[in-house]
4 protein chains.
Amino acid sequence: MCGIVGIYSNKDISKELYYSLYSMQHRGQESCGIAVVDNEKINYKKDMGLVSDVFKEKDLAELKGNMGIGHVRYSTAGGSYMANCQPLVGSCRKRKLALAHNGNLVNANYLRDMLEEDGYMFQANSDTEVILYILARYYKGDIVESLKITMDYIKGAYSLVIMGEDELVAVRDPQGFRPLILGKKDEKFIFASEDCAIDIIGGEVIRDVEPGEIIVIKNGEMKSYFYSENYKTVKRSCIFEHIYFARNDATIDNVNVYNFRIKCGEILAKDDKVKADIVVPVPDSGWAGAIGYSNASGLPVSEGLVKNRYVGRTFIKPTQEEREIGVKIKLNPLSSVVKGKSLILVDDSVVRGTTSKAIVKSLKDAGASEIHLRITSPPVKYSCYYGIDTPNRSKLIASQNDVEGIKEYIGCDSLEFLEIEGMLEATGQKSKFCKACFDGDYPVKKIDREELLSC
Amino acid sequence: MCGIVGIYSNKDISKELYYSLYSMQHRGQESCGIAVVDNEKINYKKDMGLVSDVFKEKDLAELKGNMGIGHVRYSTAGGSYMANCQPLVGSCRKRKLALAHNGNLVNANYLRDMLEEDGYMFQANSDTEVILYILARYYKGDIVESLKITMDYIKGAYSLVIMGEDELVAVRDPQGFRPLILGKKDEKFIFASEDCAIDIIGGEVIRDVEPGEIIVIKNGEMKSYFYSENYKTVKRSCIFEHIYFARNDATIDNVNVYNFRIKCGEILAKDDKVKADIVVPVPDSGWAGAIGYSNASGLPVSEGLVKNRYVGRTFIKPTQEEREIGVKIKLNPLSSVVKGKSLILVDDSVVRGTTSKAIVKSLKDAGASEIHLRITSPPVKYSCYYGIDTPNRSKLIASQNDVEGIKEYIGCDSLEFLEIEGMLEATGQKSKFCKACFDGDYPVKKIDREELLSC
Amino acid sequence: MCGIVGIYSNKDISKELYYSLYSMQHRGQESCGIAVVDNEKINYKKDMGLVSDVFKEKDLAELKGNMGIGHVRYSTAGGSYMANCQPLVGSCRKRKLALAHNGNLVNANYLRDMLEEDGYMFQANSDTEVILYILARYYKGDIVESLKITMDYIKGAYSLVIMGEDELVAVRDPQGFRPLILGKKDEKFIFASEDCAIDIIGGEVIRDVEPGEIIVIKNGEMKSYFYSENYKTVKRSCIFEHIYFARNDATIDNVNVYNFRIKCGEILAKDDKVKADIVVPVPDSGWAGAIGYSNASGLPVSEGLVKNRYVGRTFIKPTQEEREIGVKIKLNPLSSVVKGKSLILVDDSVVRGTTSKAIVKSLKDAGASEIHLRITSPPVKYSCYYGIDTPNRSKLIASQNDVEGIKEYIGCDSLEFLEIEGMLEATGQKSKFCKACFDGDYPVKKIDREELLSC
Amino acid sequence: MCGIVGIYSNKDISKELYYSLYSMQHRGQESCGIAVVDNEKINYKKDMGLVSDVFKEKDLAELKGNMGIGHVRYSTAGGSYMANCQPLVGSCRKRKLALAHNGNLVNANYLRDMLEEDGYMFQANSDTEVILYILARYYKGDIVESLKITMDYIKGAYSLVIMGEDELVAVRDPQGFRPLILGKKDEKFIFASEDCAIDIIGGEVIRDVEPGEIIVIKNGEMKSYFYSENYKTVKRSCIFEHIYFARNDATIDNVNVYNFRIKCGEILAKDDKVKADIVVPVPDSGWAGAIGYSNASGLPVSEGLVKNRYVGRTFIKPTQEEREIGVKIKLNPLSSVVKGKSLILVDDSVVRGTTSKAIVKSLKDAGASEIHLRITSPPVKYSCYYGIDTPNRSKLIASQNDVEGIKEYIGCDSLEFLEIEGMLEATGQKSKFCKACFDGDYPVKKIDREELLSC
């Protein structure tokens with residue numbers, strides 16, 4: 001779970017990269033970075049922290065260059081330190097390269113062992129260094145040829161933006177797990193994980209980068225290549241981007257995220273026989289589903305949980321005995337709305353179940369008479385190997401319990417999930433998604449290893 | 001526009017003060033502070049910045065004491081510097097005092113001149129130092145007596161929490177402009193500007209502090225006094241708290257803020273003849289009104305504007321030629337929702353009109369066919385002297401233009417405001433509000449002076 | 001122990017104030033501040049920390065004004081917090097005032113009680129606020145008249161620079177405890193605690209401000225007043241400034257500090273019969289005395305202790321069991337110089353004796369055969385009430401022990417102090433010094449109180 | 001110009017590493033880092049800034065491990081950024097490695113090109129990554145074997161500390177350009193660039209690491225190897241360490257630095273016929289030479305220049321028109337000492353000549369009648385390729401001018417340098433130094449390339 005951007009222009013580009021990353025901050029809050037190329041020299045800055053904290057006016061002024069790439073990185077426990085910040089920047093055969101990556105390889109450890117055996121020295125702890133080293137090993141001047149070889153080695157999810165001294169390259173893995181779109185503004189070419197990064201700088205979205213595609217911008221012209229001429233792309237776009245991760249204003253692989261979320265709520269409501277007074281969304285992720293549910297059921301939406309706009313910032317953790325503060329500081333129940341009412345509580349997904357449990361308790365304490373929890377996606381039963389930060393299977397509540405068991409744990413009066421069928425129906429397209437987290441049907445097999453490297 | 005809190009307990013209280021301030025961060029982002037009393041010694045920390053930035057675990061551990069007060073301060077141009085951070089802490093007649101203030105005196109400059117003439121030296125630039133100095137001048141051990149005298153001098157809006165060496169005091173001005181409520185949890189007494197600050201620490205709201213009331217907590221007991229025995233309170237609770245400033249989960253002077261906002265939307269919709277496809281809220285402040293409007297009109301609510309969750313944090317200002325970025329970074333239009341649609345765009349208020357104008361342009365650019373702007377409050381025609389940070393009258397668009405003129409400026413297809421009658425109807429209570437910003441009927445006359453001091 | 005500076009000019013002055021404070025950093029490392037006046041408005045910045053940390057290019061650019069004052073404050077245990085940073089800035093009778101102070105009143109608590117009784121509110125914990133409030137109380141436009149009254153109230157040590165809206169004022173107490181000198185460069189007038197602050201900006205030292213003198217610079221002209229026409233100044237310049245506190249390049253009340261220190265070493269050597277191989281200074285304060293001792297004795301000076309140039313910066317404190325690191329990190333013995341040698345170890349003074357003890361141990365461990373400690377000032381037996389940060393009498397080793405006892409404690413082979421006679425001889429002037437720390441002859445009696453406020 | 005340290009112990013070692021680096025701060029102020037090994041995992045922290053700024057108590061507590069290495073890096077223009085901070089940490093063939101380096105390869109660019117051609121990707125811009133990659137390439141478990149091969153490749157100056165998962169290794173290049181010494185304390189083994197890093201933690205210096213030697217500490221035992229059995233070491237210890245760079249308390253390759261500096265002054269004085277009143281050192285580097293000069297000439301040393309103890313910290317640069325401030329803020333002349341006097345001004349070396357010129361002007365302005373500049377080393381005529389940050393030859397004043405020309409430029413009345421003969425005499429050992437900066441006799445030829453990588 002990261003966000004990437006690349007811009008090719010004919011004037012200084014660091015400020016546009018900054019705004020694009022700022023708009024994709026939801027895709028990663030741990031670290032961020034920008035690299036630009038100027039006269040065959042790559043300048044970069046990267047650090048732990050938010051875009052607005054890491055980059056100041058002075059930094060952008062110093063990052064001169066007409067071409068650049070940027071990255072925001074999601075915080076995952078353990079592997080969080082400076083050396084993993086992106087873009088990675090290096091030189092090989094007297095040519096400079098910079099690379100930013102969204103996704104997760106399934107054979108990174110295997111490849112890393114292979115390279116170490118050959119005498120390579122790894123300085124960080126991420127997939128991305130593996131990609132960079134393989135690319136470097138085969139890079140003799142023609143980036144497309146070396147990428148084709150690299151793509152033969154690496155398996156799993158990767159959307160990449162790569163910057164050479166005079167070319168900007170975008171790559172999407174053959175399944176197209178992670179999003180990557182192409183936009184234009186005037187003479188500028190833009191690659192980004194989401195529409196908002198293109199919108200924000202006034203650009204227009206052109207199309208998705210295709211699974212297995214390599215797009216090169218050089219001398220102001222764009223050329224498209226495919227990983228293999230014989231290769232038939234089997235698109236497996238991550239459905240969880242649509243359910244939770246992407247912003248409402250994204251359109252990924254022709255599915256509009258907001259419409260999808262509304263429709264999920266509608267489908268869920270269609271056959272729901274429960275009697276209730278109001279529909280209450282879990283903010284912010286449950287809003288679209290709740291509106292859909294309200295549309296289809298005719299029940300009014302009401303804001304029964306107030307979100308603290310300042311949460312997201314770190315705050316001092318409550319002690320165990322203050323544990324209820326932890327939930328309330330994010331979401332405070334609105335007693336005047338929920339007291340004595342029967343609620344349809346709508347959220348987009350349940351992973352561990354702990355947050356849902358705390359919210360249900362908090363609403364009951366505030367006087368809600370009945371709580372019917374409705375989830376606009378199926379139960380998450382399997383871990384993701386492609387870059388979504390789901391926990392180990394043993395911590396997924398739906399891998400250990402059936403719906404009744406989850407209901408008991410959460411403490412709601414009834415619980416319904418959207419079924420996989422309904423979810424696919426909401427996309428308007430039947431066959432092209434990775435939904436392994438729901439059904440265990442992994443499009444690319446995971447190579448065994450103890451620990452996943454990320455992003 | 002500030003937030004205050006005071007807690008009287010029998011154990012360390014700094015962490016509770018921290019959470020309370022955190023929950024009221026929306027009332028002021030410029031600076032914050034906490035003062036606690038321990039063995040007749042007042043310890044405090046205050047600084048520019050957000051609660052989560054200023055206070056770290058170590059700071060709270062050092063702020064030992066069973067009684068304390070806290071403050072968050074809103075950023076107003078010009079007077080923003082360290083010396084104005086609150087609480088103010090001082091000593092007088094060998095007794096320590098700390099004070100935090102929400103509101104705005106109308107005769108602060110007059111009183112300041114008077115005190116300066118008597119040889120007092122002012123070290124900051126705020127109303128609050130004026131209150132502190134008058135209180136000190138008449139404080140000979142009995143805080144209630146000195147407060148009664150002080151309240152004879154000071155005119156305007158003030159909700160105060162004051163801490164002596166062994167007592168916690170809450171005061172609300174005779175008109176009750178700014179909110180102040182009393183809560184309890186176990187042995188603890190809590191005063192705060194809004195319900196959320198009491199909810200967050202598990203307390204229960206007991207009642208509003210009454211206009212003109214002085215409540216003293218001492219030796220574990222609460223006593224109530226009134227500013228003047230003969231004085232008949234004429235409550236003039238600020239209606240703008242209900243319209244915009246307070247959180248949805250607040251109840252101020254018996255009016256529930258969320259219900260009020262819903263009702264404003266409903267009333268506005270009742271006689272609206274316009275034809276439209278969807279209701280689009282301006283997030284976050286327009287949501288409740290939009291839901292009300294949708295309830296009454298039957299038109300569905302749709303999220304036509306996506307808010308960047310990370311805005312609020314400072315970011316590098318776009319240059320003039322990038323000016324559209326400034327709006328889009330906060331609110332990005334969702335083309336898939338608005339394209340080809342006729343929208344009811346709902347916001348809570350219009351002050352300068354510049355933001356509305358930019359939003360309307362941005363929605364039109366995204367393909368909206370018609371935009372009917374609906375404001376769930378009347379036109380703001382007059383400046384506030386009581387603590388809401390409205391600009392000089394000349395910059396209020398409604399003081400210079402009629403509705404038609406405003407519509408022309410903003411560029412929407414039609415424009416309606418809620419009328420004063422409707423707004424009062426929504427409160428369910430006719431007579432007790434200050435609505436001077438709409439009708440110029442100021443409950444307390446302003447003393448002439450060039451510049452208002454704030455908070 | 002603080003440093004003050006004031007500059008009157010006809011162009012922006014903040015950068016000169018910065019350099020002057022930078023050169024006087026040795027007079028105070030806890031906090032610093034600069035206040036400038038621009039069109040009757042006082043701008044200022046002050047904060048905890050060193051001059052180079054608190055002020056950045058941007059800060060100086062914002063501190064516009066042709067007249068200004070500055071302050072560096074010494075760290076004293078306890079009273080160290082933001083509210084005590086100087087200059088203090090305030091307004092009184094619609095006139096702005098800023099004030100910076102070096103010294104220590106002996107009746108501050110008495111005056112503070114008096115003012116509190118009259119209804120004044122103190123916001124900090126320092127002498128300086130007392131001076132400011134008394135000045136404000138009597139300030140009706142004529143700064144000289146109000147200063148004369150103020151000087152009747154305040155007793156003890158005070159050198160002040162005061163800035164009104166159109167005048168810069170320097171004041172020195174009637175005994176002249178703390179230094180204050182007048183300099184000029186072109187049209188500029190400069191007041192400062194030490195010569196280096198004037199040298200650094202290319203100015204020329206004109207003369208000392210006289211004890212009891214009030215100098216006013218206004219409309220480009222300088223006028224001198226005296227506290228009282230009848231008053232006969234009895235100069236009591238602090239001898240400890242010469243011994244330890246001032247830089248070698250200072251000249252205070254006509255005594256050149258470096259020459260004085262050399263002469264102290266020479267006088268001490270004159271009758272010394274001890275046999276030794278080399279003279280070793282305790283850096284940096286013992287160098288001048290050691291050179292003097294070497295001159296008179298004919299023994300060569302050798303650097304037996306190497307000082308870490310980076311000490312002064314905070315570092316992580318060694319634990320108790322690592323306690324020897326604490327000394328060595330500052331001063332490492334040079335075995336090749338001291339091994340098997342008999343040393344004359346020269347330091348400027350002994351206060352608690354703990355540092356001397358540690359140095360002696362460290363030199364013995366490094367192989368010194370004999371250590372003869374020679375102190376170029378008399379034993380410190382009494383606390384200072386006038387601004388030198390000597391500890392409580394009970395912690396002064398010389399107040400509890402005779403020379404033999406001190407020698408035993410420190411562990412050196414012999415110990416000699418310069419006698420008071422010799423010290424006065426070294427000044428070249430017999431009668432005008434405060435030497436209370438050596439002989440208890442306090443020029444101004446201390447008003448009883450538990451705790452001294454400082455600076 | 002860097003400082004390195006390595007400690008092998010049986011308990012946590014981060015605090016000792018911290019103190020050792022702190023004591024060697026003079027060897028590099030740009031960046032610093034510590035890496036420790038704990039259960040086959042390497043933890044590290046490194047950042048731009050001083051030791052006292054980068055490491056806080058909390059950091060050291062988190063750096064758990066019984067073995068560790070540390071580094072301080074000197075600031076050189078251009079290549080100053082995060083990626084160059086040391087130690088470098090990486091993994092190769094499933095083994096972790098960390099490495100810290102003092103020195104400068106002469107064939108780094110050549111080797112880098114070779115490795116890039118083989119498909120290696122460089123992520124930083126330093127010699128050290130070259131060493132690490134070659135080491136990794138040949139590292140198959142036996143660190144000594146891979147080091148022997150590595151040392152066949154790399155040419156120039158390198159003192160290294162290397163940490164594997166269970167062994168600590170020290171390496172010194174076959175010429176021994178940069179210092180590296182071995183110390184012990186109890187069970188601890190310590191390697192460091194200078195004695196002070198061993199003294200500070202209570203250790204004892206055992207001996208120099210020999211040129212070409214590889215020392216391995218493993219399982220609590222020390223083993224020594226040599227780069228080549230046939231190799232005959234030709235020690236070429238950098239004489240500039242003795243002249244300027246090392247602290248007075250260092251002993252490098254059996255030459256005591258302080259005694260050497262004293263002797264240089266004495267030899268310089270021996271045949272000097274000039275008449276003068278006093279000897280004035282340029283602080284701090286000129287003190288030892290001045291004392292030696294004084295010893296031999298009989299002229300007294302006097303402190304004619306006062307050094308600001310706080311310089312070294314960054315401060316706001318004076319503008320061109322304030323250029324004299326730049327010198328004075330560091331060194332203020334003491335008029336009372338120099339006025340009317342003829343001075344022997346002693347400094348350790350002249351590189352560009354600009355500082356000497358400014359000091360001479362400043363002393364003349366302060367009234368010195370004659371200034372005879374005496375330099376306790378020969379004229380620097382050649383650039384250093386082995387790690388001393390001398391500028392390009394064209395900026396060395398002595399490569400462009402004879403002594404008369406330098407004297408003219410500096411503006412002194414006479415100028416003498418110590419001759420190479422005298423300098424060698426002062427060492428007490430004739431043949432084992434690199435003195436290429438004085439005579440151009442480079443022990444290892446430089447490989448041509450445009451730009452030197454450093455440290």
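Biologist: Which domains is chain A divided into?
Modeller: Chain A splits into domain 1 (2-233) and domain 2 (258-427), with the bounds coming from an automatic or database domain assignment. This is a predicted model, where local features need pLDDT of at least 70, side-chain atom pairs count only at pLDDT 80 or more, and totals for chains, interfaces and linings use all residues. Residues are numbered from 1 along each chain as its sequence is written, while chains are lettered from A and ligands numbered from 1 in the order in which they are written.

Biologist: Thanks! How far apart do the C-alpha centres of domain 1 and domain 2 of chain A lie?
Modeller: Those centres are 35 Å apart. The contact between the domains takes 10 residues from domain 1 of chain A and 4 residues from domain 2 of chain A, where two residues are in contact if their C-beta atoms, placed from the backbone, lie within 7 Å.

Biologist: Which strand gives the most to the domain 1 side of chain A?
Modeller: That's β6(A), with 3 residues. Both β6 (95-105) and β7 (156-163) of chain A supply at least two residues each to the side that touches domain 2 of chain A. Helices (H or I, at least four residues) and strands (E, at least two) are DSSP runs, numbered from the N terminus.

Biologist: And how does that side of domain 1 of chain A divide by class?
Modeller: You'll find 4 nonpolar, 5 polar and 1 charged residues there. Ala, Val, Leu, Ile, Met, Phe, Trp, Tyr, Cys and Pro count as nonpolar, Asp, Glu, Lys and Arg as charged, and the others, Gly among them, as polar.

Biologist: Switching to chains: how many residues of chain C are in contact with chain B?
Modeller: On chain C there are 19, meeting 18 residues of chain B. β5 (88-92), α4 (108-117) and α5 (127-138) of chain C each bring at least two residues to that side, and β5(C) gives the most, with 5 residues. By class, the chain C side has 9 nonpolar, 4 polar and 6 charged residues.

Biologist: Why do the copies meet through the same surface?
Modeller: Because 100% of the interface residues of chain B are also interface residues in chain A.
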